[in-house]
Structures are given as structure tokens and as C-alpha cells.
Amino acid sequence: MTSNRIDEKLKAGPTLSFEFFPPKTPEAQATLVRTLRELETLDPSFVSVTYGAGGSTRETTHELVVGMARTTSLVPMAHLTCVGHSRLDLAEILVRYARAGITNLMALGGDPPAGSSLPNSELHHAYELVELARAIHPFSIGVAAHPEVHPHSPDRATDRKHLAAKLVHADFAITQFFFRVDDYVSLIDDLGDHGIDKPVIPGIMPITNLASVARMAQMSGASVPSNVTGPLERAARHGPDEVRKVGVELAIEFCRGLLAAGAPGLHFYTLNRSTATREIAAALGLSPAA
Ligand code: FAD
């Protein structure tokens, strides 16, 4: 029987994975159900479900992860963040996942919502959550990596040092979205200099709307380079459909470059929609229909 552990899947060859967030309304729920059914046909290696920092999606993330494991062929990974939780809270959440048979965990620091300091936080960095999860259950554990450096880090060397230390104990990393293959290659080289060769899966944000990606890039600290914004801005003169088409073409080219650079898989930020991701997967030959 094939393993449902992501660390095992990564050993078997390039992975294909999708990220979702728990929907807040019945309409958003219906959209997600449709998206899951459409993306399930691509037979992804795993899918991940985000966690609202501070515990805002504590129940909905759990329900979505456990529901997917029980009612679909998808292999889910639960995100969990330190921020706003006591150690006991986090342990309870982890034990509940272990009891429900969930083996894949994405251990994150999280960010307090703007204007809040969330004083209950007992763990301050993701590596502490990795340690706690390891003590509770033999989870397969992923952590976040930031090719363009985490926005709160004083400098790149410090950020890479902390990432390398985190990856000593975690099984793999998934990156924040970014847009240059060279940034991925530098990240892998820097980790190699620290003696770390754990798999780092690049996170891909297909661009279907220039305005929203610029906003998200600002939030995440990832810059959108001119070789991406240029073609998109030119496409915008011909309307939103052309922006979408060019955005998908750029993502296909980027994914090809990442796989050629040795990426162990591709992780798509779907924003709970499937069309762009399906088009990219088909063009890359990752879809059964391709
Ligand atoms: P950490 O690893 O704790 O790093 C945070 C900062 O602390 C970095 O600057 C790091 O260099 C520094 N640092 C690390 N260790 C130390 C140390 N020992 N001493 C001093 N400094 C240190 N957020 C959510 O709220 N929910 C999600 O579901 C979610 N999913 C994500 C998925 C992916 C793939 C990625 C890339 C990010 C995700 N995030 C999510 C965002 C993430 O929570 C934020 O980027 C957060 O600011 C940092 O999380 P981290 O896990 O990288 O934290």
C-alpha cells in the first residue's frame, strides 16, 4: 500500500500538491467542494489546509482536513500556527489530529492579526512547534521557507540560519510564493552550505489578476519582478482574459524552470479555485488527461 506520509511521497518522485483555506460562507463552501472534485481528478500527492493564526479557524481547519481524509481520495496536511495558543492548546489540537489518523502537519509560526499582540502565545517560533509535534506523534512535518527571506528577518544569513536549524528537525519545507527560479536555486545552495538537503517544495501562485497579486506580494514580502509584471501589464491592455492567459503561460514557464532546477515537487496556492491550476498541470503533463 502506498504511504500517505508526505516525507515518503517525496522520496518516490516529484509531488503535486494544492493549498486551500477553510471557507467562511455557504457559497464559498460550495465553491471549494467543486474545486476539490475537479482537482481530485489530477490525483495530487497531497493537499494542505491553512490555519487562521490565533485559532480563528481551529474548528474549520480540523473539520476540512478530517472530512477530506474520510470522504475523498485526497491526502490532507493540516497547517497549525504557534501564535495565540498555549502549549497545552497546541498539544490538544495535535492529539486530536493524531487520533483522527492525520499524519501530515505543516508547523508554522503564524502572524498575529494587525494591531494585536495575542499574549497567550507560549511558543514563539515554528521550530518549537516541530519539537512539540514530534514529542506527541510520528507526524510527517513540513515547515515554511521564504526564498526572498522572511519579512521580519534582519538579513538573509540570519533567516537561512534559522531555516536550516528548523529543517534539522522537520521533514521538508514548502516555500512562500515567489517568481524567480534563481531565488529557489540560491535558497537550496544556502541550505546546502548549512549541511541541509531536505526537500524544499516551491510554492506557486498562478497570476490571474495583477492587482490582487501585487497586494499579496506586498503582504508576503515576495516581490513581483518586471519580467512578470511587464507581460501582464501589456496583456491588461487587451482585457482581463488576456491577463489570465499570460499569467498561466508565465506560471507554466516558471514551473518548468523549477523542475529543471531539481525541485522535488510543485505546491500550488489555489485560492480555492481550480481552473488556472488545472491548465498549468495539464501543460506540464502532470494531469492524467494530458
Ligand atoms: P518561523 O520559522 O518561526 O520564523 C519567523 C521569523 O522568526 C523569521 O524571521 C525567522 O528567521 C525567525 N526565527 C526563526 N527561528 C528563530 C530563532 N530561534 N530565534 C530568532 N528568530 C528566529 N500563516 C498562517 O497564519 N496560517 C497558515 O496556514 C500559513 N501557511 C503558510 C504556508 C506556507 C507554505 C508559508 C510559506 C507560510 C504560511 N503562513 C501561514 C505564513 C507564516 O505563518 C508567516 O510567514 C509567519 O510570519 C512565519 O512563519 P514561519 O513558520 O516561517 O515562522
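Ala28 sits in helix H2. This helix belongs to a predicted model, in which the chain forms eleven helices and eight strands. The chain has a radius of gyration of 18 Å, close to the 19 Å that the globule rule gives for 290 residues, so it is as compact as a globular protein of that length.

- From Ala28 to Gly239 is 26 Å in space, C-alpha to C-alpha.
- In sequence, Ala28 and Gly239 are 211 residues apart.
- Helix H2 runs over residues 26-40.
- The buried residues of H11 pack against helix H2, among other elements.

**The chain as a whole**

- The C-alpha trace spans about 55 × 45 × 45 Å along its principal axes.
- Of the 290 residues, 50% count as buried.
- Take the contacts in the chain with a separation of 6 or more: residues 24 or more positions apart account for 79% of them.
- The accessible surface comes to about 13,700 Å².
- Carbon and sulfur atoms hold 52% of that surface.
- The chain carries 26 positive and 31 negative side chains.
- The centres of these two charge sets lie 4 Å apart.

**Helix H11 and its buried side**

- Helix H11 covers residues 275-283.
- Which residues of H11 are buried? They are Ala276, Thr277, Ile280 and Ala281.
- These four cover an arc of only 130° around the axis, which puts them on the same side of H11.
- What do the buried residues of H11 pack against? Their partners are strand E1 (15-20), helix H2 (26-40), helix H10 (240-260) and strand E8 (265-269).
- Gly285 follows H11, and its phi is positive, near 75°.

**Thr277, a closer look**

- Thr277 is found in helix H11.
- Thr277 is buried because its relative accessible area is 2%, and buried means under 20%.
- Leave out residues up to four places away in sequence, and Thr277 touches Phe18, Leu39, Pro206, Phe268 and Thr270.

- Most residues other than glycine have a negative phi.
- Leu271 is not a glycine, yet its phi is positive, about 55°.
- Asn272 also is a residue other than glycine, and its phi is positive, near 65°.
- Where is Leu271 found? Its place is the loop between E8 and H11.
- Asn272 is found in the loop between E8 and H11.
- Is Leu271 buried or partly exposed? Leu271 is partly exposed, with a relative accessible area of 40%.
- Asn272 is buried, with a relative accessible area of 5%.

- Tyr51 lies in the loop between strand E2 (46-49) and helix H3 (58-71).
- Tyr51 is buried, with a relative accessible area of 8%.
- Which residues does Tyr51 touch, not counting residues up to four places away in sequence? The list is Thr57, Arg58, Thr61, His79, Leu80, Thr81, His85 and Ile93.
- Tyr51 and Glu131 are 80 residues apart in sequence.
- In space, Tyr51 and Glu131 are 19 Å apart, C-alpha to C-alpha.

- Asn209 is in the loop between strand E7 (200-204) and helix H8 (210-220).
- Asn209 counts as partly exposed, at 38% relative accessibility.
- Asn209 and Ile174 are 35 residues apart in sequence and 23 Å apart in space, C-alpha to C-alpha.
- Gln218 is found in helix H8.
- Gln218 counts as exposed because its relative accessibility is 67%, and exposed means over 50%.

Technical notes. Residues are numbered from 1 along each chain as its sequence is written. This is a predicted model: local features need pLDDT of at least 70, side-chain atom pairs count only at pLDDT 80 or more; totals for chains, interfaces and linings use all residues. Side-chain values use heavy atoms; hydrogens and water are left out. Helices (H or I, at least four residues) and strands (E, at least two) are DSSP runs, numbered from the N terminus. The radius of gyration is taken over C-alpha atoms; the globule rule is 2.2 Å times the number of residues to the power 0.38. Buried means under 20% relative accessible area, exposed over 50%, partly exposed in between (1.4 Å probe, protein chains only). Contact means heavy atoms within 4.5 Å. Accessible areas come from the Shrake-Rupley method with a 1.4 Å probe; for residues, only the protein chains shown count as cover. Lys and Arg count as positive and Asp and Glu as negative; His and the chain ends are not counted. The place of a charge is taken as NZ of Lys, CZ of Arg, CG of Asp or CD of Glu. The arc is that of the directions from the helix axis to the C-beta atoms.
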